[in-house]
Amino acid sequence: MVTGQSSGHPSGQSSRQLASQLSGQHYLAFAAESDSPNQRLVPLTAQVNAHQHLELGGMDIKDLVTQFGTPLYILDEQSLRTACRQYRDSFQRYYPGDSLVIYASKAWNCLAICAIVAQEGLGIDVVSGGELYTALQAGMPNDRIYFHGNNKSVAELTLAVEAPGSTIVVDNWLELETLGELVQNRSLAQRVMIRFTPGIECHTHEYIRTGQIDSKFGFSPEQLPTVFRRFQDFPQLECVGLHAHIGSQIFELQPHQDLTSVLVQAFQDAQTAGLKVSELNVGGGLGIRYTESDDPPSIAQWAEKVCTALVTACDAQGLAYPRLICEPGRSLVGSRCVTAYTVGSRKEIPGLKRYITVDGGMSDNPRPITYQSLYRAVVGNRMGDPCDQTVTIAGKHCESGDILIHTAQLPATEPGDIVVVLATGAYNYSMSSNYNRLPRPAAVLVNDGDASLILRRETHEDLIRFDRLPDRLGKLS
Ligand SMILES: Cc1ncc(COP(=O)(O)O)c(C=O)c1O
């Protein structure tokens, strides 16, 4: 089973039957009783105004599109801050020891988001020199930066070493040796954690499953004793703890609970081997609601389960509570953002299908073509109209698989209408491309009736800024 991939409805009616009786408001009302942003299909501030337009952060979708164009990522600041606070406060409430929530910025790394999570007291997980550089430029304090990655270059490791107080999560032998040599003559010790594969499988897409033994990430459990011993040769490496991450878009709580036991056992082994470990990082992975049938636990429920499991495991071993770190990505930004597109051409295949095409697609959201991910959409300027049309929402790329939503229930649309795909905050912009030389969309941060540009729309000039035309090729005039 692949968790989070179904599209049925708990009422027993198919989502198509149900949506044809409803308007786009249905998605706003869905799970509206939950205050956990990852359980909602839409950002917390989403509402419909008197013009029957979608409003986010107090901004009318039509005004946003007029001002900033489409495709447009629209990020709701209030929802993002709420999710950060729920994580931070839940860990403080349920864990008696010290804790730190770090944002897995691979979900969406840009200056504005790094700055917001830093303001909310969170740290950051980065996986490349580029993500690290962005976090530093955004003002993230070094001691809240954790650097992951299974093939960090010497240049990337150097960048981290030159941010004193940052932590490098060592993934493999080559990295351990390289880093050991890099820091051997430095006066300050370099903080490191060790990543290993805990041997825990969970129900999610195989591409985003990482905890199983057959994974490209981290040391295998049986390598750990040798790894622990190797630290004797590198006095400038201060091993502060252990890390494991089991996967992404997970709805079950049990695998996270199991993980804490495995981590605590490895933690004790590290102590026995003489390492002064004091931190445990349980990774991220909490899922979000992309469709009505997705049913993830709330942020508070997830935090409570993880904290309680760690306390129980520590108490059972008589262990002082380590500093607990978790690193959510998707559940922090996923449903805080939507993508607005303009409807263009359409194609009817009588008796078979009705396509409507939007002005973006797999370049701004590669998840449907990569993971067969499901999404919901509304027509932002027709929120009161009945959703009585079954359509396929296609992107504009030269690729038959460039379909954003295979079966969408929408009101009748015309060219120029605004299709809004929901829950596009995680792994959309960060996995976007210039395929077919489409400029990347802009992104705006909305809050309390204000919209601020956080990513400028790329231009055609941007697309050729790294191209070089060798003189011998000349230029046809
Ligand atoms: C090491 C690590 N930590 C955290 C995350 C974040 O996971 P999620 O976005 O599911 O919370 C990932 C994502 O794959 C990861 O690889």
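Start with the whole chain and its contacts, where two residues are in contact if their C-beta atoms, placed from the backbone, lie within 7 Å. Among contacts between residues at least 6 apart in sequence, 70% join residues at least 24 apart.

What you have open is a predicted model, in which local features need pLDDT of at least 70, side-chain atom pairs count only at pLDDT 80 or more, and totals for chains, interfaces and linings use all residues. Residues are numbered from 1 along each chain as its sequence is written.

**The whole protein**

Switch to a cartoon view. The secondary structure comes to 14 helices and 20 strands; these are DSSP runs numbered from the N terminus, helices being H or I with at least four residues and strands E with at least two. The radius of gyration of the protein is 23 Å, close to the 23 Å that the globule rule gives for 477 residues, so the protein is as compact as a globular protein of that length. That radius is taken over C-alpha atoms, and the globule rule is 2.2 Å times the number of residues to the power 0.38.

Next, colour by burial. A residue is buried if 20 or more other C-beta atoms lie within 10 Å of its own, exposed if 12 or fewer, and partly exposed in between, with C-beta atoms placed from the backbone. Buried residues make up 49% of the 477 residues.

**Two domains**

Select 15–76 together with 335–460 for domain 1, then 78–333 for domain 2. These bounds come from an automatic or database domain assignment. The centres of the two domains, taken over C-alpha atoms, are separated by 32 Å. Where they touch, the contact takes 34 residues from domain 1 and 28 residues from domain 2. On the domain 1 side, strand 4 (72–76), strand 19 (442–447) and strand 20 (450–455) each supply at least two residues. That side of domain 1 divides into 18 nonpolar, twelve polar and four charged residues. Here Ala, Val, Leu, Ile, Met, Phe, Trp, Tyr, Cys and Pro count as nonpolar, Asp, Glu, Lys and Arg as charged, and the others, Gly among them, as polar.

Zoom in on strand 4, where five of its five residues are buried. Which residues point which way? L72, I74 and D76 point one way from strand 4, and Y73 and L75 the other way.

Strand 19 pairs with strand 4 in the parallel sense over five bridges, and Y73 stands opposite A443.

Follow strand 19 onward to strand 20. These two pair in the antiparallel sense over five bridges, with N447 opposite D450. Their hairpin has two residues between the strands, and D448 takes a positive phi near 55°.

The peptide bond from T70 to P71 is cis, with omega near -10°. Most residues other than glycine have a negative phi, and most peptide bonds are trans.

**Two loops with a positive phi**

Go to A31, in the loop between helix 2 (25–29) and strand 1 (47–48). A31 is not a glycine, yet its phi is positive, about 55°. Is A31 exposed or partly exposed? It counts as partly exposed, with 17 C-beta neighbours inside 10 Å.

Then jump to Q372, in the loop between helix 13 (367–371) and strand 15 (377–379). Its phi is near 55°, also a positive value in a residue other than glycine. Q372 counts as exposed because it has 12 C-beta neighbours inside 10 Å.

**Helix 5**

Select residues 111–119, where I113, C114, I116, V117 and A118 are buried. What covers them includes helix 4 (77–94), strand 5 (99–104), strand 6 (123–126), helix 6 (129–137) and helix 12 (330–333). After helix 5 comes G121, with a positive phi near 85°.

**Last stop: the ligand**

Finish by showing the 18 residues around the ligand, of which A104, S248, G284, G329 and R330 come nearest. A residue is near a molecule if its C-beta atom, placed from the backbone, lies within 6 Å of it. This shell has five nonpolar, nine polar and four charged residues.

Note on methods
Two strands pair if DSSP finds at least two bridges between them.
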